[in-house]
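Reader: I'd like to go through this model and check the labels one by one. Can you back each of them with its cut-off?

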Amino acid sequence: MTRIQAIRGTKDLLGDELARWRFLEETVRAVAERSGYEEIRTPIFESTDLFSRSIGTDTDIVQKEMYTFPDRKGRSLTLRPEGTASVVRAFLENHLARERPIAKVYYIGPMFRYERPQKGRFRQFHQFGTEVLGPEDAFYDAETIAVFHSILGSVGLGDLTVRLGSVGDESCRPAYVERLSAYLRGRREDLSEISRERLERNPLRVLDSKEEEDRAVVREAPSILEDLCDSCAKHLDEVRRALDRAGIPHALDAGLVRGLDYYTRTVFEIHHDRLGAQSALGGGGRYDRLAEDLGGPRTPGVGFSAGMERIVSVAEELAIRWEMPRELRILVAPLSERASEEVLPILLRLRARWRADGSARPRNLKTVLKQANREGAGLLLLLGGEESAPGSALVKRLDSGEQENILLDRLEERIEEIASRIAAPGAARKE
Ligand code: HAM
């Protein structure tokens, strides 16, 4: 029989790689919570309409990348391709605006896009991100970028490029779209077929084209930054000044087009050179009309999402060591049949305070020591055999080899004492 394999574009996470993921997740939680964000968890699938109305019907995501299927009653559902739309839906549905004028939330979880898998691009991938709903101030655009920047800094990533742009708002974008359309129509013959189609429906999307032949046309296209209305230009200027004051270098990028249609004003991405073609670690921006587009009251918002696979892969390439302080691990090993019966009750006692594992059957000392080293145990507790007297255990420190017999009656007390002498419990994880 053929063996069933994981779906293309998905992967299993385990072992050392998973330890990196957990480190990243812990860092995200710590930085986000310190910055006043609360966690939110939304469902993995939603009505298809939620995504087509927010991300935009002419985007690549909605046109060809969504995992959409009918449920048993024929309703169209979609595995979430991103998190922002769900967060805004949840904000409206749970009336969060009633509780507070400003909602700051963060999320971590899997997203799904049917893209061609390659380095840094998967079909099930993971994002973490933040969203601020309520305020319009440029302060929050800058804070969003700063939080993303400090998460990356906290996991040891430097050499970051922050690209910043603006896509204007309803008062200045239409005039720009007119100017862009006129330009693109003039160069119609040079455009790819798909861009010619998009030119009629949503000319801005042409700027996001991945087709080689469109590149020159896009490069020479008029810039929206020249057409911003006074309030959008002022907003962009305020974001830039706030970033300057916060010491976050950034480059203005007139051609920054994001793959989602819900943005107004600020858009940004953070890139790392090591990633090659898929160089964006993440991106985001402001979406002041999204809540209304989803049937709610006007609620400005701003946020970012980052690709976790990409961050883990850069850290791996740069050989950055991600280590969590490891708790003391204790391995309990019986050296005789009789002592085997003691293992579980002792493990249960130890587990009330430490991380402890044990073997079910007696094995020789050499095998036990090998296992203890492999598992990174800090202490070995040997029961029975010649090594320990009845009612006692031999406790061996794996780092120094020091050992002593301790009475089982005083087990926790003695281990506490020994553990306090072990400088770095569990020692550093081997790379
Ligand atoms: P996005 O630019 O579509 O924005 O995705 C953000 C990040 O997710 C990308 O920069 C990339 O690192 C990662 N990513 C996207 N697709 C894949 C994939 N197929 N495989 C691996 N990683 C991927 C958003 O999703 C918006 N929700 C950002 C946002 C939040 N805007 C406002 N708030």
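Reader: What makes Arg397, Asp399, Glu402, Glu404, Arg414, Glu417 and Arg421 a network?

Author: They are linked by salt bridges. That term needs a side-chain nitrogen of Lys or Arg within 4 Å of a carboxyl oxygen of Asp or Glu. This is a predicted model, where local features need pLDDT of at least 70, side-chain atom pairs count only at pLDDT 80 or more, and totals for chains, interfaces and linings use all residues. Residues are numbered from 1 along each chain as its sequence is written, and side-chain values use heavy atoms, with hydrogens and water left out.

Reader: How do you know that the side chains of Arg421 and Glu417 meet in a salt bridge?

Author: Their N to O distance is 3.2 Å, and the limit is 4 Å. Both residues sit in helix α15, four residues apart, about one turn of the helix. Helices here are DSSP runs (H or I, at least four residues), strands are E runs of at least two, and the numbering starts at the N terminus. In general, an α-helix has 3.6 residues a turn, so residues three or four places apart point the same way.

Reader: Why is Arg421 called partly exposed?

Author: Its relative accessible area is 38%.

Reader: Which residues of α15 are buried?

Author: Leu411, Glu412, Arg414, Ile415, Ile418 and Ala419, in a helix that runs over residues 411-421. They cover an arc of only 160 degrees around the axis, which puts them on the same side of α15; the arc is taken from the directions from the helix axis to the C-beta atoms. These buried residues pack against β12 (329-334), α13 (337-351), β14 (379-383), β15 (392-397) and β16 (403-407).

Reader: What about Arg75 and Asp71: what is their distance?

Author: Their side chains meet at 2.9 Å, N to O. Arg75 is partly exposed at 47%, and Asp71 is partly exposed at 21%. By this rule the count of salt bridges comes to 46.

Reader: What makes up the nonpolar surface patch?

Author: Ile44, Phe45 and Phe69, with about 250 Å². Patch residues have over 30% relative accessible area and no salt bridge; nonpolar side chains (Val, Leu, Ile, Met, Phe, Trp, Tyr) are joined within 5 Å, like charges within 9 Å. Phe69, in strand β3 (residues 68-70), has 32%.

Notes:
Buried means under 20% relative accessible area, exposed over 50%, partly exposed in between (1.4 Å probe, protein chains only). Contact means heavy atoms within 4.5 Å. Accessible areas come from the Shrake-Rupley method with a 1.4 Å probe; for residues, only the protein chains shown count as cover.
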